[in-house]
Amino acid sequence: DLVLATHGRGIYILDQVNALQEMTPAVARSQGHLFTVEPADQIRYRSEKAHTGNMIFEGENPPDGAIFDVWSASDGAEIGFVVLNAEGERVAEMTDTASRGMNRSVWDLRHTRTDGEEAGGRGPLVLPGTYTARMTLGGVVSERTFEVREDPRLDDPPGVREAWTCLLYTSPSPRD
C-alpha cells in the first residue's frame, strides 16, 4: 500500500500498488498482463450504525475480495478470469471489460454456482487456501497464484469451516 498524508487533515491510501511497481516497458508493449495478486482476507464487513446524518467522515474500506490488476493494450476487450483451487478444480469464473491501460477487477472470494436456477450466481465463500487466477485477454493467458485467508477474527477449526461450506454449496439457496 502507498500512504500519503498532508500537513492538514488529509490522508490517502492507495491499496495494492503491485501494478505500479511491476510495470515495465515490456508489459506496456504486451497485449495483456496479470500483475501479482496479494493475499485476500475474507473479512465479513457489517455496519451496526444507526443513521448518523452527515456527521461521520470516514474512508472507504479496501475492496472485499481478491484484487486482480491487469494491463490491457486495447479498449473494450473482454477479460476472462477463471479461479482454480489447489487441486486445479475450477471454483469461480468472471468477466470484465477492459479499458486501455490499467484495469482492476475484484473477485468476491465466492464459488460461482453451477446448479439449477442459480447457475452463474454467487455461491458460498471458498475455503482458505492457495488459489490460481487465470486471466485471458485476447490471445494472452496469464496465471498468478495467491492465498485466500480466513477472517482473522474467526477461530473455527478447518473441518468445521469445510463442512459449513459444503452444506451451503449443496443447498438450493445458500446463505452465509
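Modeller: Start with Arg-149, which is partly exposed because its relative accessibility is 40%. This is a predicted model, so every value here is computed from predicted coordinates. Arg-149 sits in strand β12, residues 140–149. The C-alpha atom of Arg-149 is 4.7 Å from that of Asp-41, although 108 residues separate the two along the chain. Their side chains form a salt bridge, with N to O at 2.8 Å. Arg-149 belongs to strand β12 and Asp-41 to strand β4, so this pair ties together parts that lie 108 residues apart in sequence. Asp-41 is also partly exposed, since its relative accessibility is 30%.

Now the sheet around that pair. Five strands make an open sheet in the order β4-β12-β11-β6-β7, and the pairing is mixed. The edges are β4 (40–41) and β7; each has a single partner strand, so one side of each is left without a neighbour in the sheet.

Go to the β7 end of that order. Strands β6 and β7 pair antiparallel over seven bridges. Within this pairing, Val-83 stands opposite Ala-92 in β7. The loop between β6 (78–84) and β7 (90–97) holds Asn-85. Is Asn-85 buried or exposed? Asn-85 counts as buried, because its relative accessibility is 13% and the cut-off for buried is under 20%. The Asn-85 side chain reaches the backbone nitrogen of Glu-87 at 3.0 Å. The side chains of Asn-85 and Glu-89 make a polar contact of 2.8 Å.

Back to salt bridges. The count is six. One of them is the Arg-149 and Asp-41 pair. Another joins Arg-161 and Glu-150, with N to O at 2.5 Å. Arg-161 lies in helix α3 (residues 158–170) and Glu-150 in the loop between β12 and α3, so the pair ties together parts eleven residues apart in sequence. Arg-161 is buried, with a relative accessible area of 6%. Glu-150 is partly exposed, at 22% relative accessibility.

A further salt bridge links Arg-104 and Asp-69, whose closest N and O atoms are 2.7 Å apart. Arg-104 is in strand β8 and Asp-69 in strand β5, so the pair ties together parts 35 residues apart in sequence. Arg-104 is partly exposed, at 37% relative accessibility. Asp-69 is buried, with a relative accessible area of 5%.

Three strands form an open, antiparallel sheet in the order β3-β5-β8. Here β3 (32–34) and β8 (101–107) are the edges; each has a single partner strand, so one side of each lacks a neighbour in the sheet. From one strand to the next, the twist averages 25°. Strand β5, residues 66–72, pairs antiparallel with β8 over seven bridges. Ala-66 has Trp-107 in β8 as its bridge partner.

Strands β1 and β2 run antiparallel and are joined by four bridges. The bridge partner of Ala-5 is Ile-11 in β2. Leu-2, Leu-4, Tyr-12, Leu-14, Leu-20 and Met-102 form a nonpolar surface patch, with about 590 Å² of accessible area together. The elements giving two or more residues to the patch are β1 (2–5) and β2 (11–14). Leu-14, in strand β2, is partly exposed with a relative accessible area of 40%.

Key. Residues are numbered from 1 along each chain as its sequence is written. This is a predicted model: local features need pLDDT of at least 70, side-chain atom pairs count only at pLDDT 80 or more; totals for chains, interfaces and linings use all residues. Side-chain values use heavy atoms; hydrogens and water are left out. Patches are made of residues with over 30% relative accessible area and no salt bridge: like charges are joined within 9 Å, nonpolar side chains (Val, Leu, Ile, Met, Phe, Trp, Tyr) within 5 Å. Accessible areas come from the Shrake-Rupley method with a 1.4 Å probe; for residues, only the protein chains shown count as cover. A salt bridge is a side-chain nitrogen of Lys or Arg within 4 Å of a carboxyl oxygen of Asp or Glu. Buried means under 20% relative accessible area, exposed over 50%, partly exposed in between (1.4 Å probe, protein chains only). Two strands pair if DSSP finds at least two bridges between them. Axes are lines fitted to C-alpha atoms, for helices over the stretch in contact, and angles run from 0 to 180 degrees between N-to-C directions. A polar contact is a pair of N or O atoms within 3.5 Å; within protein, one must be able to donate a hydrogen and the other to accept it, and residues adjacent in sequence count only if both atoms are side-chain atoms.
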